Amino acid sequence: MMDGMMMDSSMMFMMCIMMGIGALIFIVILGATVYVVIRSLMMKSRVVDRPLMILKERYVKGELSDEEYSRMRKTIVDLK
């Protein structure tokens, strides 16, 4: 009878260990998915805003006139 109780407690312990490992794997997969989604959204926003940033930098440096800046900005905004 004692051996049966030991078997049950060791099996219970193993089941808890397996559930813990499964939960850990689930958390890692969920975290990786959230990371990839957020990273891709951030990259997409950088790509869209980059042309406007470059245009503003050129305007501030004096490389573009007011008319050129307005025309190019309108073109970039319309492409979005």
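Tyr 59 is partly exposed, with a relative accessible area of 32%. Keep in mind that this is a predicted model. Tyr 59 sits in helix H1, and the protein chain as a whole comes to two helices and zero strands. Buried residues account for 6% of the 80 residues.

**Around Tyr 59**

- What does Tyr 59 touch, once residues up to four places away in sequence are left out? The list is Leu 64, Ser 65, Asp 66 and Tyr 69.
- One of those partners, Asp 66, has a side chain joined to that of Tyr 59 by a polar contact of 2.5 Å.
- Asp 66 belongs to helix H2, while Tyr 59 belongs to helix H1.
- Asp 66 has 47% relative accessibility, so it counts as partly exposed.
- Tyr 69, another contact of Tyr 59, lies 10 residues away from it along the chain, and their C-alpha atoms are separated by 6.5 Å.

**The nonpolar core**

- Which residues make up the largest nonpolar core? Leu 52, Leu 55, Leu 64, Tyr 69 and Ile 76 do, five residues in all.
- Helix H1 and helix H2 (66-79) each put at least two residues into this core.
- As background, nonpolar side chains tend to be buried together in soluble globular proteins.

**Salt bridges**

- How many salt bridges does the structure hold? There are two salt bridges.
- Arg 58 pairs with Glu 63, and their closest N and O atoms are 3.1 Å apart.
- Why are Lys 74 and Asp 78 about one helical turn apart? They are four residues apart in helix H2, which means a separation of about one helical turn.
- Buried or exposed, then, for Lys 74 and Asp 78? Both are exposed.
- In general terms, side chains of opposite charge can pair when their charged atoms come close.

**The outside of the chain**

- The protein chain exposes about 7300 Å², and carbon and sulfur atoms supply 73% of that area.
- Part of the surface is a nonpolar patch of about 710 Å², made by Phe 13, Met 14, Ile 17, Met 18, Ile 21, Ile 25 and Ile 29.
- Ile 21, a member of that patch, is located in helix H1, which covers residues 2-61.
- Why does Ile 21 count as partly exposed? Its relative accessibility is 44%, and partly exposed is the class between the buried limit of under 20% and the exposed limit of over 50%.

Key
Residues are numbered from 1 along each chain as its sequence is written. This is a predicted model: local features need pLDDT of at least 70, side-chain atom pairs count only at pLDDT 80 or more; totals for chains, interfaces and linings use all residues. Side-chain values use heavy atoms; hydrogens and water are left out. Buried means under 20% relative accessible area, exposed over 50%, partly exposed in between (1.4 Å probe, protein chains only). Accessible areas come from the Shrake-Rupley method with a 1.4 Å probe; for residues, only the protein chains shown count as cover. Patches are made of residues with over 30% relative accessible area and no salt bridge: like charges are joined within 9 Å, nonpolar side chains (Val, Leu, Ile, Met, Phe, Trp, Tyr) within 5 Å. A salt bridge is a side-chain nitrogen of Lys or Arg within 4 Å of a carboxyl oxygen of Asp or Glu. A nonpolar core is a set of buried Ala, Val, Leu, Ile, Met, Phe, Trp, Tyr and Cys residues joined through side-chain atoms within 4.5 Å. Contact means heavy atoms within 4.5 Å. A polar contact is a pair of N or O atoms within 3.5 Å; within protein, one must be able to donate a hydrogen and the other to accept it, and residues adjacent in sequence count only if both atoms are side-chain atoms.
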